[in-house]
Amino acid sequence: MRRYLAVGLDCYLCLLVVGLLVRSPLHSGRAGQEVALLLVQLVALSFANQVLLTMAVRASAGKLIMGVRVIRLPDAGRPGFRPLVVRWLYGLLWLPLQPWYRLRAPSTAAHAQERPAGCPAEPLEDLAGVRQVLHRDLRHYRAAVAGRAG
């Protein structure tokens with residue numbers, strides 16, 4: 001649930017910041033240019049939050065607030081630039097279309113029968129070899145690894 005709240009916070013913060021930076025396109029004669037500028041700023045801020053900030057501190061702004069961190073699998077290290085860009089593009093381009101695909105797809109009971117027995121409904125691994133974990137769980141993992149090494 002924290003992951004979903006973090007995504008919601010990221011969207012809200014991104015819209016809030018861009019909304020404060022761009023004046024209302026309703027009062028100008030160049031509404032098309034203003035909307036294009038708004039979209040460019042939203043994409044740039046989203047990239048900075050989801051890729052650059054995550055590279056720096058292992059979390060976007062929403063994930064920091066919710067206590068979630070992004071780690072590289074299998075060693076729990078800091079994720080690199082390329083996997084973070086893949087995740088960002090996935091979230092930006094593919095995820096928003098999922099409600100449309102769900103509405104057009106046959107019933108979910110048919111999908112459940114197609115999945116092999118014992119296969120989870122959702123994969124445990126995040127896209128591009130990274131995973132989101134609670135910050136406290138990451139601290140406990142590091143302490144356990146340090147205890148075994150020392």
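**Group meeting: core, rings and salt bridges**

Start with the core. V51, V70, L84, V85, W88 and V130 form the largest nonpolar core, 6 residues in all. A nonpolar core here is a set of buried Ala, Val, Leu, Ile, Met, Phe, Trp, Tyr and Cys residues joined through side-chain atoms within 4.5 Å. Buried means under 20% relative accessible area, exposed over 50%, partly exposed in between, with a 1.4 Å probe and protein chains only. Helix α4, residues 81–94, gives the largest share of this core, 3 residues.

A word on the source. This is a predicted model, where local features need pLDDT of at least 70, side-chain atom pairs count only at pLDDT 80 or more, and totals for chains, interfaces and linings use all residues. Residues are numbered from 1 along each chain as its sequence is written, and side-chain values use heavy atoms, with hydrogens and water left out.

Now the overall layout. The protein has 7 helices and 2 strands. Along the sequence the pattern reads α-α-α-β-α-α-α-β-α. These elements are DSSP runs numbered from the N terminus: helices are H or I with at least four residues, strands are E with at least two. Of the 150 residues, 25% are buried. Contact means heavy atoms within 4.5 Å. Take the contacts between residues at least 6 apart in sequence: 65% of them join residues at least 24 apart.

W88 is buried, at 12% relative accessibility. Leaving out residues up to four places away in sequence, W88 touches V43, S46, F47, Q50 and V51.

That brings in the rings. Rings of Phe, Tyr and Trp (its six-membered ring) pair if their centres lie within 6.5 Å; planes under 30 degrees apart are stacked, over 60 edge-to-face, the rest tilted. The count is 2 aromatic pairs. F47 and F81 are edge-to-face, 6.2 Å centre to centre, with 75° between the planes. F47 sits in helix α2 (residues 31–57) and F81 in helix α4, so this pair ties together parts 34 residues apart in sequence. F47 is partly exposed at 22%, and F81 is partly exposed at 43%. F47 and W88 also pair edge-to-face, with centres 5.1 Å apart and planes at 75°. This pair again runs from α2 to α4, so it ties together parts 41 residues apart.

Next, charges. Side chains of opposite charge can pair when their charged atoms come close. A salt bridge is a side-chain nitrogen of Lys or Arg within 4 Å of a carboxyl oxygen of Asp or Glu. There are 3 salt bridges. D10 and K63 meet at 3.9 Å, N to O. D10 is in helix α1 (residues 2–21) and K63 in helix α3 (residues 61–66), so the bridge ties together parts 53 residues apart in sequence. Buried or exposed, is D10? D10 is buried, with a relative accessible area of 4%. K63 is buried, with 4%. R72 and D75 meet at 2.8 Å. R72 is partly exposed at 32%, and D75 is partly exposed at 42%. R136 and D137 meet at 4.0 Å.
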